[in-house]
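Hi everyone, thanks for making time.

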Amino acid sequence: MAPRVSGPYAVTPAGVSHSDIAIVGGGVIGAACARAAAQRGLHVTLFAPGPDPAAASAASAGLLAAQIESADQRLLPLAVRGRDLYSGLAASLKDTTGTDIGFQAIGIATLAFDDREVETLYTLVAEQRQAGLRCDWLDRADLDERWPGLAPEARGALYAPEDGCLDPTALTGGLLADARRLGVRLSQENVQRILIANGRVMGVTAGSTGTPASHVVIAAGAWSPGIDGLPRPVPVEPVRGQLMAIDWPAGFPPAVFYHGHGYMLPRGAEAILGSTMERVGFDARTTAAGLADIRRSTARLCPAILRSATRRSWAGLRPVTPDGLPILGADPDVTGLWYAAGHGRNGILLAGITGEIIADLLATGTTDADITDLTITRFAADELNADG
């Protein structure tokens, strides 16, 4: 007989099967997980309380910078696989929902301004080529030929021609629309607690209602640690990123340009400029200082942007872990509890592949992706307490 959960939100999961799944979080990660699980014939409820202007999904620039942002080599194979998934995913969402996610595999150039950066990037080019990735070193003459007026002080650039960008708001909307088409039930209730008994998941409470589920996926981004009932700390904190949009410089060939945390990418007639990395809690406001910093860092990439007025600006909260890597996979002590959180600056890049990984785990208990270094067990409780 299935165990009961006592208390005011009691649920009795009699007859629930492995296909009764609750996904907590309606951002791009939760939407990707829900869609992929539904594609495998699983019965899914996605708890998406509604659009939050501070959510990472809506505020992301949409970089697909697999070869640029994966400074931790443990993430590079998964990042490349995630990036390469988008060509097919973009076509599929266009076909099933009519959504154009703005996918552009137009390449990313990360620039070097001094001898140390030249040496670092030149070495990385060699390493990525050895790993079988397309990667080029562009010297100053190459930059002048491709993008006249680009970063006059730059000495050269690592160029990843298969990296690119997309529209993150369109991606999230397309994933949600396709998930609903596939039968995912969308709930706007906010999940307060995970229900656990005898070492296994029993369901969730949202509002005053208990929903039985044999599997629960924690995909609530920076809000994941605030869910009651979890068996261990989820070491994810919000890190604010501010962005702005201006007109794309007239006559300037489209590509993505990157240095440090600063970048510039095309979206329609606009240039999206970013970004800051600020530990300010859940404060998702833009600031004059943050936007000025973006202007300075991106003007170094392309001085022509100084002639363009700001069209709009916004900020979001990235969910960041202590080591900068996402948390993926099963809880070691609670059957049916899964994590898909803490993607940081790589949430859009890894959304599609995260959905596939979690859906495979839900459907079969296994995945062909190597997530050994990404499970929550890498964070020892004593270390987290010391950090806190």
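This is a predicted model: local features need pLDDT of at least 70, side-chain atom pairs count only at pLDDT 80 or more; totals for chains, interfaces and linings use all residues.

Let me start with a term: two strands pair if DSSP finds at least two bridges between them. With that in hand, look at β1, residues 20-24, and β2, residues 43-47: five bridges join them, and the two strands run parallel.

Okay, the overall picture. The chain has eleven helices and 19 strands. Of its 388 residues, 54% count as buried. The accessible surface comes to about 16100 Å², and 50% of that belongs to carbon and sulfur atoms. Then there's the contact pattern: taking contacts in the chain with a separation of 6 or more, 72% are between residues 24 or more positions apart.

Now to the sheet. Which strands form it, and in what order? There are eight, in an open sheet that goes β5-β6-β4-β14-β15-β16-β13-β17, with mixed pairing. The edge strands are β5, residues 136-139, and β17, residues 310-320, and each of those pairs on one side only. From one strand to the next, the twist averages 25°.

Zoom in on one pair within that sheet. β13, residues 237-247, and β16, residues 270-274, pair in the antiparallel sense over five bridges. If you want a residue to look at, Met244 has Leu273 in β16 as its bridge partner. Packing on the sheet is helix α9, residues 288-301, which touches β4, β13, β14, β15, β16 and β17. The direction of α9 makes about 60° with that of β13.

While we're in this area, follow the chain into the loop between β16 and α9, where you find Ser275. A cis peptide bond joins Gly274 and Ser275, with omega at about -5°. Why point that out? Most residues other than glycine have a negative phi, and most peptide bonds are trans. Hold on to the phi part, we'll need it in a minute.

On to the helices. Two packed helices are described by the angle between their axes and the distance between the axes. Let's do that for two pairs that share α8, residues 168-181.

The α1 pair goes like this. The axes of α1, residues 28-39, and α8 come within 8 Å and cross at roughly 30°. Angles under 35 degrees count as roughly parallel, and therefore α1 and α8 are roughly parallel to each other. Their crossing is left-handed. On the α1 side the contact is made by Val28, Ala31, Ala32, Ala34 and Arg35, and on the α8 side by Leu171, Thr172, Leu175, Leu176, Asp178 and Ala179.

How do the axes of α5 and α8 cross? They come within 10 Å, at roughly 60°. That makes α5 oblique to α8, and this crossing is left-handed. From α5, the contact uses Tyr86, Leu89, Leu93, Thr96 and Thr97, while α8 brings Leu171, Gly174, Leu175, Ala177, Asp178 and Arg181.

A quick word on α4, residues 76-84. Which of its residues are buried? They are Leu76, Leu78, Ala79, Val80, Gly82 and Arg83. Those buried residues pack against β3, α3, α5, β18 and α10.

Now back to phi. Ala151 has a positive phi of about 35°, although it is not a glycine. Ala151 sits in the loop between α7 and β6. Buried or exposed? Ala151 is buried, with a relative accessible area of 0%.

Asn198 also isn't a glycine, and its phi is positive, near 50°. You'll find Asn198 in the loop between β9 and β10. At 72% relative accessibility, Asn198 counts as exposed.

Last stop, Ala197, in strand β9, residues 191-197. Ala197 counts as buried, at 12% relative accessibility. How far is the C-alpha atom of Ala197 from that of Thr335? The two are separated by 9.9 Å, even though the residues are 138 apart along the chain.

Key
Residues are numbered from 1 along each chain as its sequence is written. Side-chain values use heavy atoms; hydrogens and water are left out. Helices (H or I, at least four residues) and strands (E, at least two) are DSSP runs, numbered from the N terminus. Buried means under 20% relative accessible area, exposed over 50%, partly exposed in between (1.4 Å probe, protein chains only). Contact means heavy atoms within 4.5 Å. Accessible areas come from the Shrake-Rupley method with a 1.4 Å probe; for residues, only the protein chains shown count as cover. Axes are lines fitted to C-alpha atoms, for helices over the stretch in contact, and angles run from 0 to 180 degrees between N-to-C directions. Angles under 35 degrees count as roughly parallel, over 145 as roughly antiparallel, 65 to 115 as roughly perpendicular and the rest as oblique. A crossing is left-handed if the near helix is turned anticlockwise from the far one by less than a right angle, and right-handed if clockwise.
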